[in-house]
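Hello,

Here is the structure I promised to pass on to you. Have a look at it first, and then read my notes below.

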Amino acid sequence: MSTAKARSAHAKAILGPELHSKLANTSVLLVGAGGIGCELLKNIVLTGFGKITLLDLDTIDISNLNRQFLFKKKDVKQSKAMVAAQTASHFNPNVRITPIHDNIKEPQYDVQWFQQFDIVLNALDNLDARRHVNKMCMAAQVPLVESGTAGYLGQVQPLLKDETECFDCIPKPTPKTFPVCTIRSTPSQPIHCIVWSKSYLMGQLFGEDEDAGGELDEAEKQGENEQEIATLRKEAQAFKVVRDSLRDSNTTNAAKLVFQKVFNADIKNLLIMADMWKSRSPPTPLDYDSILDDTFESGKVNGTSTPNAVASGSGTSHSTSTPNNPTNGHANGTANASNLKDQRALTLKDNLNLFISSTDRLADRLRHGETTISFDKDDEDTLDFVTAASNLRSYAYGIDGKTRWEVKEMAGNIIPAIATTNAIISGLIVLQALHLLKKSHGQLRNVHLQFKPAVPLSAIRLSTPNPQCGVCRDTYAYVPCDPARTVLRDIVKGIMGDDERDVSVYEDKRVLSDPDWDDNVDSTLESLNVTRGKFLSIVDEEGERETISIAIGLLSPNHSVDGPPFILPSSLPIPPPKIKPAPTPATPPRTSQKRPLSVENEDGVIDLAPTPKKRRSGPTGSSNGTGSASKKRKLEDGSSPSKRRRLEEDGVVALDGPNDDLGPVDHVQLSSQGQEEAEYITIDSD
């Protein structure tokens, strides 16, 4: 047997010749080449999927090497997609892998691009990208297998338009946010300082937002402290001088200017607001020169004593005079025992030196052409800056500091990953993908890897689409066009055809037109920034029909320049009636079981109704009685008394049995045999 045949022999035996041969011509898109992506790429290559497109934006970091086995140390800083494709191609030379180092949200990856694939496999760790791929697959009507892991937990979910719920059918929890004033003025946890360094300070110094006015306006609307917000506005305005120094090549002490502004002047301004510190410990302004020359005392501010601060990485409160904790925050020998750079506890002086170094590196990048720099956990310069800045702020506020590794984990929202979990989930993804390709929709399952040793895997049947979902319930249409020549009114009218309903038009969350506002209807799509890869949503104003989503694409290069500016689909989309949520049933009023209060009559007399007497059992009605006694008890407790009463009203005597004494008889009846026989009826217990 040849090497090629031997390589595929087991897969062919398991899948069967028909399905195995079909896989060779199956085109699959794998989005993500990280923890799950590496395992999954290996699986689909060895299974025999013939045409694989691998897309990932990320580059290889040394922290990936413990679980992403397709990479080696020499590959650090290179494209994950490129290296993974090169490594996995040796597993099966018959497979063609096309790597793409790019962002899946780029406009060229539109609906038409997705339609070239038979199936899409998601191996992403980003909620926004997952939602984007989900919407594109719903619009292109391409099957999608969604997946994810978190430590020992994992999930695989096959998604199919109109057959199963989509990724957005169930609302996802929103990322946790913190009040602006907590982040900017009164942090109490390490995460507050990390968010401040990453989202606020990085933006103020190296980003586009100079005054952060919008954020403060929103905080003011939500009723946060007005005096505190006014102080924060003054701080934001003062950043302009510091920002300019970072971009000026003639400035030699930019890092010191930033430090003195952020960790000294701003903190002193906050201390002026005495009311803010009545119920919390005030922060300590840091001094640049005294920290560097080991003379800084954290216990005094302007000659007055302040609460003890916490040295970065020490984890305990200390006084500056404590022998085990020197005045500049140096950690003891045990803390410095670790030789790993990222896991070493940093002293106050270490953090300041790291702050100076990282600020100078980022400033140098700005001076050499970069317009803005934002945080990226894989960018050494920005990670160093956020680590140093957050630890310096933590020291000033008496909060435990964090190592560089911990800051990277928290700032980068890194979820702990385990190689075994990724391997299990990757295998389950392939199984669900095979069911989709065979169109065995009844075999599809939503599979969970869970904390139950006896039942580690749980498989449940897929739910139907959520009628209220704003993604998979839309009716999609693909329209290639020239955005520079296509007018909004024309494309909407073309899609609606003879339908005269009142509609509003949206692009994402932007309102482009509605029945009472038509300023944009004669504008081109290009002028409205509605271009390739975006969606126009046509919403029924009456809410009777589902939304029509128009996926914007580009015209073919062969399309005549004098031709129509857009091409409508051969059959216009007809949205189904909208399923309205069932009204919540009103809770019926509870009927009181209490007897109503008696009412006093005109003579001042209250007529009390007699209390109903309980029926008394006869002498034979004991609990252990049998025969007629049990029948009589049932007559008294069940529905038989009403039957007895109706019979007596009809003049019929109802007896419990043939041996009961009839008493005086008013009349007799001749039986058919001519014998006199008393008329009686026996009521059975049945």
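Cys181 sits in helix H7 (residues 180-184); helices here are DSSP runs of H or I with at least four residues, strands are E runs of at least two, and both are numbered from the N terminus. The "active site" annotation in the unreviewed UniProt entry covers Cys181; such annotations may be inferred rather than shown by experiment, and the positions are given in the numbering used here. Cys181 is buried, with a relative accessible area of 7% (buried means under 20%, exposed over 50%, partly exposed in between, with a 1.4 Å probe and protein chains only).

Before you go further, please keep in mind that this is a predicted model, where local features need pLDDT of at least 70 and side-chain atom pairs count only at pLDDT 80 or more, while totals for chains, interfaces and linings use all residues. Residues are numbered from 1 along each chain as its sequence is written, and side-chain values use heavy atoms, with hydrogens and water left out.

The largest nonpolar core has 50 residues, and Leu205, Phe206, Phe259, Phe263, Leu286, Phe355 and Phe385 touch the most other members. A core here is a set of buried Ala, Val, Leu, Ile, Met, Phe, Trp, Tyr and Cys residues joined through side-chain atoms within 4.5 Å. Among the helices that give two or more residues to this core are H8 (190-206), H11 (254-272) and H14 (380-396). A second, separate core of 42 residues includes Val45, Leu121, Val145 and Leu436. Back in the largest one, Phe385 is in contact with residues including Leu201, Met202, Phe355 and Leu362, leaving aside neighbours within four places in sequence (contact means heavy atoms within 4.5 Å).

There is also an open sheet of 5 strands with mixed pairing, in the order E11-E15-E14-E12-E13; two strands pair if DSSP finds at least two bridges between them. E11 (475-481) and E13 (510-513) are at the edges with a single partner strand each, so one side of each is left without a neighbour in the sheet. Strand E14 (residues 535-540) runs antiparallel to E15 (residues 548-554), joined by 4 bridges. Here Phe535 stands opposite Ala551, and Ile538 faces Ile548. E14 is also joined by 4 bridges to E12 (residues 503-507), again antiparallel, with Ser504 partnering Val539. Of the 6 residues in E14, 5 are buried.
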